[in-house]
Amino acid sequence: KLYWQGVQRWIICFIIGVLTGLTAGLIDFCVESVSRVKFLSIKKLVDQCEAGSCLWKPQIVWFCFNIVLVLVASLLTALVEPVAAGSGIPQIKCYLNGVIVPRVVRIKTLITKVVGVICAVGGGLAVGKEGPMIHSGSVIAAGVSQGRSTSLGIDFKIFRNFRSDTEKRDFVSAGAAAGVSAAFGAPVGGVLFSLEEGASFWNQSLVWRIFFSSMISTMTLNIVQGFIKGHPWDLSYAGLIDFGTFDAVNYKMGDLLIAICMGAFGGLLGALFNHINYKLTVFRMKYVQTNWQKVLEAVMVAAYTPCFAYLLIFFSNDCRDITENKQDNNSVLVKFFCQEGEYSSSAKLFFDTPEATVKHLFHNDPGTYQISTLCIFASGYFFLACWTYGISVPSGLFIPSLLVGAAWGRIVGILVSLVDGDWVELSFYSLVGASAMLGGIVRMTISLTVIIMEATSNVPLGLPVMISLIVAKWVGDQFNEGIYDLHIHLQGVPILGWEPLPMPTNISAKSVMSHPVTVFRMRESVDRIVRVLKEEPHNGFPVVEDYDLDNPVITDGCETFGTFRGLILRSQLVTMLQKKLFLENPGVNEIISRLKVAEFNEAYPRYIPIQKVSITPVEAQFTVDLAPFMNQSHYVVLESASYASIFRKFRSLGLRHMVVINFKNQVIGIVTRKDLARYMVTFKNGEINIREKTIIM
């Protein structure tokens, strides 16, 4: 049986990889198709407008395309599944950390995410599809690993042994890694992303399964893209984004010094981006609350985006000979205010998918863009992306960050060439700028370095990329946290970092625990169980002996709640009440002896609420023996244990609660994730200040 379970885990990871790759292929095909129809329609109108006096017509069509597509995305998100907004990475990061985020891995979320990101990217917003791909892969993993869909009411009667939080979380790690792999064509980067950003508990076998899932995802997308591009079985389309070839890029020691400076600049810009977006998010939480307000804001952003693009094209009349465009024959070249035989390189920044624009900024020939064009684009797109991230549509942050960074990185390269007197490798500076900008915003180092190395297929470039990412993180961390951590804290999620806060050594379990505690006795009345479950929202309850509800015992100045014997979960209590496992019922011992663990997990993850459990007045007087069902080896901690030791146990073991006992094994409190995550430590003038923050979830 254990061998077969191991085989099933590999099968599930294979299915996760295949489905994630197929989903990525579908998203990419739809975005490319929608974008091409929009761009060609606008180009046709521009070409028909010879004198330039009727250029308002293509602008109106541009407006209509963007607004309609974004309206669909925002309506879906606001009305169907609000948790699908944004990239989904903060929510998945919380989920992998051990926090149960409601509705984050449901099939409705997946459908909203896929359709929404197609419309958002196709609608021209400053967003990418890579972040939502990570969320989509996680949802696919959660559904496949359970062998059923509770939303659709379909149960395939398979994989029942994996219907638990721990098993599901492991597979979601594989799904997140498969999403990264499909987005960037980076299987190793996907594994490191799951390690760096999420998973609480890792072992070697889990790492291998996650890598296998990532590899399958990349291979599946390769095959799908080959057929879509008209080259069946051509496995040269590794991910949704193609950074192009950097084979000829060389650099010297002086370039590394410039890379350090660019990393510092990227860290400063990233900190500014995060600060502005933080303020915007706080404003949204206060004043943009109703669904129509969220939809209206998304439509406003959709209307402003083509306005910004049109103004850039108008004021930066950056015209180039159409014969100079040799990089990509699939580009839609629009002349706008240029002469016949010319195209607007300013317009080219917008008349392609964001991924293709990143590739152009990396590899287009020197002189393709004026410095003024790049300055206006980088600064304007910076604030546009800052405004866009957080509106009620599925949106990724990777591509906008890369676009802004590649633009100002190209400016740095042009300036260096002017000082040096000879053209330098603009691709090098564009890539370093993109890395620094992305690192300054999200503050990831290891996984991003590997992702970029795999996406560029150039190992030597790993050194300058790594330097820029590390410096960007160091500089950015002096001002604020990464964008995902900021959003997690704003949502009031009790997430635990990698290391405990530098709390004073006198902060012990007794200082942080919740007190008093609701406990159950070994044999408890049905009436009290039902009453407690209706009144208390908690998920776990200590089971004790020698406890009298009416006569509290005070030991060493602290109320105690009986001798600890085990812990029982809410879901177990509800299942016991449903199955009428009362001592007064005849044959109850035989029924208990035939019970299997799978029966308690049958309703996972949507257990029936206690309000729907039918208990007659006679049954309310019956008694339940909790001994056969409770966890008798649950983790406990002494009241004298330090905050740091408790934190490390929670973080490494993925715990949700831990019972606090005294030296007589008596229950005096309970520590939950909220108790550990509610503290914030700030340093000012050499002093440590501790304050509590609001935990909502």
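In helix H3, the residues Ile89, Pro90, Gln91, Ile92, Lys93, Cys94, Tyr95, Leu96 and Asn97 are buried, where buried means under 20% relative accessible area, exposed over 50% and partly exposed in between, with a 1.4 Å probe and protein chains only. This is a predicted model, in which local features need pLDDT of at least 70 and side-chain atom pairs count only at pLDDT 80 or more, while totals for chains, interfaces and linings use all residues. Residues are numbered from 1 along each chain as its sequence is written, and side-chain values use heavy atoms, with hydrogens and water left out.

Because nine of the nine residues of H3 (residues 89-97) are buried, this helix is largely enclosed by the rest of the structure. Helices (H or I, at least four residues) and strands (E, at least two) are DSSP runs, numbered from the N terminus. Just after H3, Gly98 takes a positive phi of about 110 degrees.

Strand S7 (residues 540-545) has five of its six residues buried, so it too is largely enclosed by the rest of the structure. The table gives its pairings, where two strands pair if DSSP finds at least two bridges between them.

| Strand paired with S7 | Sense | Bridges |
|---|---|---|
| S5 (residues 520-521) | parallel | two bridges |
| S10 (residues 563-569) | antiparallel | six bridges |

Val543 in S7 is the bridge partner of Phe520, and Val543 also has Gly566 in S10 as a bridge partner.

With a disulfide taken as a pair of cysteine sulfur atoms within 2.5 Å, the count comes to zero disulfides. Cys30 is in no disulfide, and the nearest cysteine sulfur, that of Cys119, is 9.2 Å away. The sulfur of Cys307 is too far for a bond, because the closest cysteine sulfur, in Cys64, is 12 Å from it. Cys307 counts as partly exposed, at 29% relative accessibility.

A search of the whole structure finds six cavities of 30 Å³ or more, a cavity being a set of points, on a 1 Å grid over the protein atoms alone, where a 1.4 Å probe fits but cannot get out, with lining residues having an atom within 4 Å of a point. The largest cavity holds about 210 Å³ of space, a volume being the space filled by probe spheres set on the points. Its lining has 19 residues, of which Gly124, Leu125, Phe350, Asp352 and Tyr381 lie nearest the centre of the cavity. H1 gives the most to this lining, with three residues. The lining residues of the largest cavity divide into 10 nonpolar, seven polar and two charged, where Ala, Val, Leu, Ile, Met, Phe, Trp, Tyr, Cys and Pro count as nonpolar, Asp, Glu, Lys and Arg as charged, and the others, Gly among them, as polar.

Technical notes
On a 1 Å grid over the protein atoms alone, a cavity is a set of points where a 1.4 Å probe fits but cannot get out, and a pocket is an open set with protein on both sides within 12 Å along at least five of seven lines; lining residues have an atom within 4 Å of a point.
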